[in-house]
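Let's take a walk through this structure together, one piece at a time. Have the sequence and the 3D view open as you read.

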Protein chains: 2
Amino acid sequence: MNTPSALFVDLYELTMAQVYYDRGMTAQAVFELTVRQLPDGWDYLIAAGLDRALDFLEHLRFADDDLAFLSTLPQFDQAFIDQLRNLRFTGDVWAPPEGTLVYPHEPLIQVVAPLPEAQLVETAMINQLAYATLVASKAARAVDAAAGKTVVEFGGRRAHGSEAAVEAARAAYIAGFEATSSVEAGRRYGIPTTGTMAHSFILAEADEAAAFDAFASRYPGTTLLVDTYDTAAGVTNAIRTAKQRGHGSVGAIRIDSGDFLNESWQARIKLDTAGLSDIRIVVSGGLDEYRIAELENANAPIDVYACGTFIVAPTDAPTLDSAYKMVEYDARPVAKRSIGKPSIGHRKQVWRSADTDYIGLSRDTGPANTVPVLEAVMRSGRRLAQEEPSLDEIRTRAAAGRSRRDIQWLDSIQNFPDRT
Amino acid sequence: MNTPSALFVDLYELTMAQVYYDRGMTAQAVFELTVRQLPDGWDYLIAAGLDRALDFLEHLRFADDDLAFLSTLPQFDQAFIDQLRNLRFTGDVWAPPEGTLVYPHEPLIQVVAPLPEAQLVETAMINQLAYATLVASKAARAVDAAAGKTVVEFGGRRAHGSEAAVEAARAAYIAGFEATSSVEAGRRYGIPTTGTMAHSFILAEADEAAAFDAFASRYPGTTLLVDTYDTAAGVTNAIRTAKQRGHGSVGAIRIDSGDFLNESWQARIKLDTAGLSDIRIVVSGGLDEYRIAELENANAPIDVYACGTFIVAPTDAPTLDSAYKMVEYDARPVAKRSIGKPSIGHRKQVWRSADTDYIGLSRDTGPANTVPVLEAVMRSGRRLAQEEPSLDEIRTRAAAGRSRRDIQWLDSIQNFPDRT
């Protein structure tokens, strides 16, 4: 979870860089990372991952052992290795601050740097920004669906590695999740941590009632997992523990299997009948925004949705359809025309009004009553101090107006793509 | 990409551990990580990720700053913090060696350790093993579909973070991919690295022909990307470069968009007509085993398939449906009966014959003419030296017999689940 090494590149970025240096092609390039198309049914993205992307740029250094490895490859000569030894990222970066709503074709990051530098960071920029943005956007949909109910993140084990687990917890928190089960994410990012108990805890004890009593006595107000053997009997045991240990001893029950609508109503009625209407109901297992919306539409008496798998590795969007493309070189707009995957040349800016985004050239003046979405976040390789907002500031930004926006292309750009 | 910290746990693993210690529940537990169900259409899994999982276990230590953070949480008392300070993983581990074919209900790892230790490592074991196994298994399907053609991995940018990128490259290599674009994976694991050129390289030059000439002159035998503007014209330019620079100057062309079947035939015919039948054709973009099989069935003249997105973050299986479940505690078999997600108690072994796997109790004797699949890989917290095969040994193992196997449950276990 540290900043990736300078070798976190695809080989071709290095071979291209060597040719660029050989040929003196170090003029300024502009690269933009954009999402070409939203996953089906999605209305927006929540920008996330910028903090780590900028860290990577600011700390980019080829260490001695990086260079020693490159020397073993047939592609690179000593002059290039020496060039890499002194390479620092010296460019400017513009981006929507984390937590900003972003739409297709709008840059998640715009890198303005000498061509070899801008090229070399391609893999890291896509890798670090696309996943965080994916999770923040998916998680925001779950928060929207939960309609004010609490949503928490339990997905660490399902994430693609430990780095993904922690970054997913951060992205979900940005999107409005209230807590994570990941202790490392709590330590690293100050995200509230939460958890209940596992089935194994119940299985290790003589019986479920003994397990509940042991846990509630150690953690008053805890959440008891009721579905290990039989959910109805589990709720009865939880009620017994709550009654025996008194008010506040049991904060919630968790249901992790079965028909959540039916099970939650059965549990709610039993708890209320027992005078325990302050005990909350947590559900977990297979939850995404569609399942949450179903349960909310059916008026399920669920207080907390714990989401894992489908937030950290979404089935409907395991990745975002994104690309990091050069749009200008040496002040000349450029674009590829590849079938089905054309890029759109020119360095861009996005202007936002209450209901419309306008995409135009960065040198355009934005329409009246709009604000620019891309902000300068790095100058000459140094982060701009004012652009390191707290996680809670980012989270507040992400909570603002998630309605669909029209996207319009300003006249200056709409006849693009063309290479001239 | 270093070993995750000891805080790579879900909070509940720590709260449960504290109660286990409080109550003296440190008897031996057996946990097994299994995949409940294969993704649709899949016939097998390729076990991967064990090396990192064992590293995590062997190096598990709560460092001072880990403990300092835990002290700030309301759940933990000083006695427990002190206990964690001295905690080491002291258990035994059994597993199929990496590269082994694995089927549903067969343990990917079996952890035999005092209950708190076995519980604490749950998140890390699932996280490290499930993703690597997922990618190795998906990649193996692509290798199968390619029917002897070369398959390489270009997915680093699409992976969920830099750790996932490198581990995916390793897993794909285990499955039979021949190279990766990830330089870090090359350095870390000795995997051959490969790459071509990006569209930006073409765009930065005055024109495509100049770009091709620059690249081929620096890297004789390289691969030229021909679809930036127009694939047919790109092939013509590649032919010109190859003719001008002579035999061996251009090794391959890459097509990254359009109809691969049609484009590859057009290119093949042009290249052959020009007497350049030794120039190979690489395709990339949106490839998975289904697309590869289509192209192979249509007899596409493609020599190399470069796979990215759909190998490192498969659409049909963003995660594996796996669970790390306690199956014995203090010599007593245990299982949960949760609706739709029951576990199967008893410490298990798998015996493999030429066409059938038998799952039984670890204390069973395997059927005649079978070999056990789970091997001892760690004793008392130390890796067994002979169990650190080279990546190429693992790869060779993974290449062996991928046909579907029957799975049978031995009499001793088939009436499980039951708790008694």
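Predicted model: local features only at pLDDT ≥ 70, side-chain atom pairs only at ≥ 80, totals over all residues.

α6(A) is built from 25 residues, and from the first C-alpha to the last it reaches 36 Å, close to the 36 Å expected at 1.5 Å a residue. Because 24 of its 25 residues are buried, α6(A) is largely enclosed by the rest of the structure.

Now step back to the domains. Chain A is divided into domain 1, covering 11–134 + 318–414, and domain 2, covering 136–312. Their C-alpha centres lie 38 Å apart. Where they touch, domain 1 of chain A gives 17 residues to the contact and domain 2 of chain A gives 14. On the domain 1 side, β2 (45–46), α6 (122–146) and α15 (391–399) of chain A each supply at least two residues. The largest share of that side, five residues, is from α15(A). Sorted by class, the side of domain 1 of chain A that touches domain 2 of chain A has twelve nonpolar, two polar and three charged residues.

Next, look for strand β12 of chain A, residues 321–329. This strand is mostly covered, with seven of its nine residues buried. Strands of a sheet pair through backbone hydrogen bonds, either parallel or antiparallel. β12(A) pairs in the antiparallel sense with strand β1 (residues 28–37) of chain A, over eight bridges. You can find A:Val30 standing opposite A:Glu328 in β12(A). β12(A) is also joined by two bridges to strand β13 (residues 332–333) of chain A, and these two run antiparallel. Here A:Glu328 turns up again: its bridge partner in β13(A) is A:Pro333. The hairpin of β12(A) and β13(A) has two residues between the strands, and A:Asp330 takes a positive phi near 50° in this hairpin.

From there, move on to another sheet in chain A. This one is an open sheet of six strands with parallel pairing, in the order β7-β6-β11-β10-β9-β8. Its edge strands are β7 (179–180) and β8 (222–225) of chain A, each of which pairs on one side only. Strand β10 (residues 280–284) of chain A pairs with β11(A) in the parallel sense over three bridges, and A:Val283 has A:Tyr305 as its bridge partner in β11(A). Helix α11 (residues 231–245) of chain A packs on the sheet, where it touches β8 and β9 (250–255) of chain A. The direction of α11(A) makes about 170° with that of β9(A).

Is A:Asn299 buried or exposed? A:Asn299 sits in the loop between α13 (289–297) and β11 (304–307) of chain A, and its phi is positive, about 65°, although it is not a glycine. With 9 other C-beta atoms within 10 Å, A:Asn299 is exposed. In chain B, the loop between β13 (332–333) and β14 (348–352) holds B:His346, whose phi is also positive, near 90°. B:His346, however, counts as buried, with 23 C-beta neighbours inside 10 Å.

That brings us to the contact between the chains.

Ten of the twelve are buried, so α1(B) is largely enclosed by the rest of the structure. Among the buried ones are B:Leu11, B:Tyr12, B:Met16 and B:Tyr20. What do the buried residues of α1(B) pack against? They pack against α8 (183–189), α9 (199–204) and α10 (208–218) of chain A, together with α4 (78–86), α5 and α6 of chain B. Just after α1(B) comes B:Gly24, with a positive phi of about 70°.

Conventions
Residues numbered from 1 in each chain as written. Chains lettered and ligands numbered in written order. Domains from an automatic or database assignment. Contact = placed C-beta atoms within 7 Å. Helix = DSSP H or I, 4+ residues; strand = E, 2+ residues; numbered from the N terminus. Nonpolar A, V, L, I, M, F, W, Y, C, P; charged D, E, K, R; others polar. Expected span 1.5 Å × (residues − 1). Buried ≥ 20, exposed ≤ 12 C-beta atoms within 10 Å, placed from the backbone. Pairing = 2+ DSSP bridges. Axes fitted to C-alpha atoms, helices over the stretch in contact; angles between N-to-C directions.
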